[in-house]
Amino acid sequence: MSGKLKVGILGGTGMVGQRFISLLENHPWFEVTAIAASQRSAGKTYEEAVGGRWKMTAPMPEAVKKLEVLNVNEVEKVAAGVDFVFSAVDMSKEEIKAIEEAYAKTETPVVSNNSAHRWTPDVPMIIPEINPGHMEIIEEQKKRLGTRHGFIAVKPNCSIQSYTPALKAWEEFEPFEVVATTYQAISGAGKTFQDWPEMVENVIPYIGGEEEKSEREPLRVLGTLKDGEIRLAQEPAITCQCIRVPVLNGHTAAVFVKFRKKPSKEQLIEKLESYRGLPQELNLPSAPKQFIRYMEEENRPQVKLDVDYERGMGVSVGRLREDTIYDWKFVGLSHNTVRGAAGGAVLCAELLKAEGYIFAKAE
């Protein structure tokens, strides 16, 4: 071994699992040593288990092709060979809750892409640049689970990444009311155009559960940790519509904001471009150098041109202009399967390692 932490991917054959494997190729801190999936994939090599379902544009990393896929339900066996796991399992919410806690109880930290534990009171839901302090709740979680090192941390829904960072950057101007419409890529449903031909030249004005997540999850991310609990932010009040559009990768948000204090356009842009979080200060491997950029062109950000900004880990904002009913409106863009899913979880794991929550298990 190279001295890197040994990582397991739970649900490694699905689209998000594949994205984890792709992003972790040649990672300076982490090395994939175990891949777990359903019983029907167990016992096959990863290459055999995925077959023709590899959905990334980059080829499957050679290092994982011959790894034997383990049964994700054989928790002790999987956990024995890794220092921590990323979770992208495709199960019911209750099954996900149970299996992630089972892994944590083997003293194996779990960094989850799933939504099951996002509202578990002692599980931090983290955008690393925005609320790293929420990691402190992990100590309360360990008491509940009866663990010394095992815990669960989650990342929020992919759709909120395109507008919540701007709200955080503008915090001092006191945004109190937000209307957002997100135009969401099909990879957010784990699909490509080959598997979902109905989406070609189509728009579907419904994504189950997304609007509730998009309205509530920012309030937890923007909330405060006090007296051993994460308290939701009281503002801004957010209302959302979420629409599926014929785009492979990239969630775009059209957002209207009212502020208690009245900032100028120049002030708003300056706050976006100067915003830095703990990942930038620590120079974490996956952290974008500039988390949020502002684009002056009238027709930007565009998915085709801008979704891969900062290797998909940055957020692009444009079209900031005064509104006739609200104070300001803007368009945001983020990569839903990189920043919004696997990449956000990898950055979260890097932060947890840097802060001493994730480390090598004793041999």
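Guide: Two strands pair if DSSP finds at least two bridges between them. Helices (H or I, at least four residues) and strands (E, at least two) are DSSP runs, numbered from the N terminus. This is a predicted model, in which local features need pLDDT of at least 70 and side-chain atom pairs count only at pLDDT 80 or more, while totals for chains, interfaces and linings use all residues. Residues are numbered from 1 along each chain as its sequence is written, and side-chain values use heavy atoms, with hydrogens and water left out.

Visitor: Over how many bridges do strand S4 and strand S5 pair?

Guide: Strand S4 covers residues 84–87 and strand S5 residues 110–112. Val-85 stands opposite Val-110 in S5. The sense of the S4–S5 pairing is parallel, and the number of bridges is three.

Visitor: Which strands stand at the edges of the sheet?

Guide: The open sheet has six strands with parallel pairing, in the order S3-S2-S1-S4-S5-S6. Two of the strands have a single partner strand each, so one side of each is left without a neighbour in the sheet. They are S3 (70–71) and S6 (152–154).

Visitor: At about what angle does helix H1 run to S1?

Guide: Axes are lines fitted to C-alpha atoms, for helices over the stretch in contact (heavy atoms within 4.5 Å). Angles run from 0 to 180 degrees between N-to-C directions. Helix H1 (residues 15–24) lies across S1 (5–10), S2 (30–37) and S4, and its angle to S1 is about 160°.

Visitor: Which residues have the most contacts inside the largest nonpolar core?

Guide: A nonpolar core is a set of buried (under 20% relative accessible area, 1.4 Å probe, protein chains only) Ala, Val, Leu, Ile, Met, Phe, Trp, Tyr and Cys residues joined through side-chain atoms within 4.5 Å. The largest has 55 residues, and the ones asked for are Tyr-103, Trp-170 and Phe-330.

Visitor: Where is the cis peptide bond that ends at Pro-301, and what is its omega?

Guide: Pro-301 is in the loop between strand S12 (292–295) and helix H11 (303–306). The bond runs from Arg-300 to Pro-301, with omega near 5°.

Visitor: Is Glu-201 buried or exposed?

Guide: Glu-201 lies in the loop between strand S7 (175–184) and helix H8 (210–221). Its phi is near 55°, a positive value in a residue other than glycine. With exposed meaning over 50% and partly exposed the range in between, the relative accessible area of 80% makes Glu-201 exposed.
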